[in-house]
Amino acid sequence: MTPNDGRQSRIAVCPRVKKESEMISSSEPGDAAIRGSILIAGVGSVQGLGAAIARRFGREGYPVVLAGRNAEKLEATRSRLDADGITVRATSGDVANQEDVKRFVAAAEEQAPLAVAVHNAGSNRPAPFLELAQEEFEAHWREHALGAYHLARAALPALLARQNRDQPFSHGPSLIFTGASGSLRGKANYAPFSAAKGALRNLSQSLAREFGPWGVHVAHVVIDGGIAGERLLSKRPELQDSRGPDGLLNIDAIADAYWTLHHQHRSAWTQELDLRPWSESF
């Protein structure tokens, strides 16, 4: 059986496809199971992109699981989101560790069937190439490329299982990868970051071509510019003024794009989305 054959046989016996808003507008206990859960791997500060994605989905009723390496930051973010009324759980670990990632996915599945998995690792440590140690090059690759592999390997069976339950949605479960300018081009002093992000981009394309026909929406988001979050502004606070109004990417605006990606109709899916400030050159 081909992917499309299987999909057609399911559609043939399905009733009218309902809009998701029709399915999740009530406050019945089963709502979370209908929406599914979201796992975000690569969460740090409450003023970061991972937390913003969690807020965007959480306020719509998606149970959220946060995963990251810094347990202290992770707990602070979880506590803040919980205070905002979001159903959220935090689990610390390393996205480059296979067993940790399996645990992340299991934690999300305990909340509700996994509907969205996001690989949001973003570490970047520029250095002149001739001063670059192998360990540093490998560390970037492990976080971005290997971590993306582990998340996809652990999440896809759950996403496929959700799709195969014949959920009456016009969109599928989603696997989303956070990319960067380095996904597209290599700048001087950014060799390890660009190599790792380029690998992640190609992985996302391969997975989209393999699993899209089975109903899983695989997308890659190119963040082409500085993000107005704690990571960047704690190191370079002057950028907030020097870049001018909306010269840095707003974390909540980026999170809106992830929300839109997940809810795209499957007849018009985006595989790669590039986001940049209006004043950013490209």
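How many salt bridges does the count come to? The answer is 15 salt bridges. The rule is a side-chain nitrogen of Lys or Arg within 4 Å of a carboxyl oxygen of Asp or Glu.

Some ground rules. This is a predicted model, where local features need pLDDT of at least 70 and side-chain atom pairs count only at pLDDT 80 or more, while totals for chains, interfaces and linings use all residues. Residues are numbered from 1 along each chain as its sequence is written, and side-chain values use heavy atoms, with hydrogens and water left out. Helices (H or I, at least four residues) and strands (E, at least two) are DSSP runs, numbered from the N terminus.

Now some of those bridges. Take Arg78 and Glu75: their side chains meet at 2.9 Å, N to O. Both sit in helix H5 (residues 71–83), three residues apart, about one turn of the helix. Glu75 is partly exposed, because its relative accessibility is 38%. For the cut-offs, buried is under 20% relative accessible area, exposed is over 50%, and partly exposed is in between, with a 1.4 Å probe and protein chains only.

Next, Arg125 and Glu136. Their closest N and O atoms are 2.3 Å apart. This pair links distant parts of the chain: Arg125 is in the loop between strand S4 (114–119) and H7, and Glu136 is in helix H7, eleven residues apart. Arg125 is partly exposed at 33%. Glu136 is also partly exposed, at 24%.

Stay in H7 (residues 134–163), where we find Glu143. Buried or exposed? Glu143 is buried, at 8% relative accessibility. Leaving out residues up to four places away in sequence, Glu143 touches Arg69, Val95, His119, Ala121, Gly122, Ser123, Arg125 and Ala148. Contact here means heavy atoms within 4.5 Å.

Arg276 is in the segment after strand S7 (272–275), and Asp224 is in the loop between strand S6 (217–223) and helix H9 (230–235), so the bridge ties together parts 52 residues apart in sequence. Arg276 is partly exposed at 22%. Asp224 is buried at 1%. Shared partners join Arg185, Asp224, Asp274 and Arg276 into one salt-bridge network.

Last, a helix pair. H4 (residues 49–58) and H11 (residues 251–262) pack at about 55°, with axes 8 Å apart. Axes are lines fitted to C-alpha atoms, for helices over the stretch in contact, and angles run from 0 to 180 degrees between N-to-C directions. The residues in contact include Leu49 and Phe57 of H4, and Tyr258 and Trp259 of H11.
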